Amino acid sequence: MNEIALSEEQRDCLQELINVAMGRASDKLARYLDTFVHLQVPHIDLIASESLPSSFAESYADDGVSLVSQGFYGEDGILGEALLIYRSNDAQGIAEILGYEPDDVSEVEQLTDISSILTTTFLNGLAEQIENQLAYSAPRVVSALETALESHLHQLSFNWDLALKVDISYQVTDYSFNCDMILLIPGEAIQNIQKVLDRILNEF
Amino acid sequence: MNAFNIGASLIEKINSGVLVVDESFNITFFNKFMESHCLLKSKDVLTKNLFDVFNDLPEKWLKRKIQSVFMLNTPGFSSWEQRQFVFKMRHARPVTTSSEYMAQNITFLPILADESGSEVEQVCILVEDVTDVCFYQEKLKETLEQLEVVSRTDGLTQVANRRFWEERFEVELETANRYKHPLSLILFDLDKFKQINDTYGHQGGDLVLIEITKFIKKKLRQVDLMGRYGGEEFGIILPNTDAEGAFELADRIRTEFAQFPISFGNHKILATISLGVVEYDPSFDSYEDMVTRADIALYQSKASGRNTTSLYRA
């Protein structure tokens, strides 16, 4: 696992890219949702995938969760899977934010829609900065409510070497909801990201 | 043909629907697949408003969806699992599928005014036919439901198998304990079953097991659960039933079954059963405690000459 750990410089650089991407995403979201959107500066963490289940099981121990997954792939071998995790309680009432008629959309569809919007606006913001272009697979609900998160993450951890955990907290004026975003990135793609980070670092 | 013409020609040939709308939802492109599956002609729909051409679309949702692509410059998605179809289109499997309309996965893609910019000029709606996926998913669901039933049923008698019966018993015991509701158990066993097998063969014996369970099932309520506990031993869980009620039912089953001839070829088999009844008491630790006590009562019935009902008394 050590050979793909990020250096301190690379890490700072990535944090900065993520901050900017988050800012752009929140600006876009505010215009789209026609309301004030507050986004906290996200905290990032790189976690070896085998320790991912336990680190999340703790923070979600008491809650039913919903997990939405969406794959992304771009140029220069950058690819991965974005996971958004919601606590059951936070997942309700999304239809209203999105401007849908509540009867018009199922709960699962509300989840996949908001997830896709959050994931793609954020990742597009990230891709723009590294002059990349991303394409996305359709969002998919991995686990419905009331399913243990840990067992799902266990299954995932076989396929991923390193996970970039980005804690995101979205707040919309009258209504707040929180979700965590995790970017699961295979080792090979991490190396490609490192190359990109080094390139940016050299330019400054 | 140059690359551009190849692309244009392929879009007319692919097995997916491609339509493009501008910011006012007016249609600017409509490929062959859309034409043939919607029974519309491109020349008749171009420049027309999407919601006039298709007047049964979920308008509010779809408008918001398309707007998100224009405003955010990100793709949007709609999956058949949440919304089986958006456009009412015929599919290529009209015979083998139960669904009337094509199941669709839809991707909404931004088309930029200028490739290097970020201003979205139009939105491409890509419609994929996933009727096959939907069809197999339905089949899988049906199969899983059947498996679920099979996994909890006794193959011969079609009553609950022991594993499922015990699971349910545990749940009923917890409920009775929590809400202070009465709960009773009847355990019964065919009398001289070995003799029936010796006289009529195993097919005769099997038939008796099938007939006794059928006979009793008719006398039970929806909430009661009969399960095959062992070879010729069965248990009946009776929620909300006290010892008196359970004993009365057990003894009625016993007397009526003794007069119920079972036709086997030219023979009429008259079998009898012995029963043990017990009511739940909070001093019991588990359902196994109840089974043990019902077994003691059942043994008393056997000892006192069979074709008898006994109630366990602490």
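**Exercise 1. Polar contacts and salt bridges**

Determine how many residue pairs are in polar contact across the interface of chain A and chain B, and how many salt bridges the count between them gives.

Solution. Across the interface of chain A and chain B, 5 residue pairs are in polar contact, both residues being at pLDDT 80 or more; a polar contact is a pair of N or O atoms within 3.5 Å, where within protein one must be able to donate a hydrogen and the other to accept it, and residues adjacent in sequence count only if both atoms are side-chain atoms. This is a predicted model, in which local features need pLDDT of at least 70 and side-chain atom pairs count only at pLDDT 80 or more, while totals for chains, interfaces and linings use all residues. Residues are numbered from 1 along each chain as its sequence is written, chains are lettered from A in the order in which they are written, and side-chain values use heavy atoms, with hydrogens and water left out.

Next, the count of salt bridges (a side-chain nitrogen of Lys or Arg within 4 Å of a carboxyl oxygen of Asp or Glu) between the two chains is 2. The side chains of Arg83(B) and Glu109(A) form a salt bridge, at 2.8 Å from N to O.

**Exercise 2. Extent of the interface**

State what area chain A and chain B bury between them, and which three residues supply 31% of the area on the chain A side.

Solution. The buried area, that is, the accessible area (1.4 Å probe) that two parts lose on being put together, summed over both, is about 1,800 Å², with 54% of it on carbon and sulfur atoms. Tyr32(A), Asp104(A) and Glu109(A) supply 31% of what chain A buries against chain B, more than any other three residues.

**Exercise 3. Residues in contact**

Find how many residues each chain brings to the contact.

Solution. With contact meaning heavy atoms within 4.5 Å, chain A brings 27 residues and chain B brings 16 residues.
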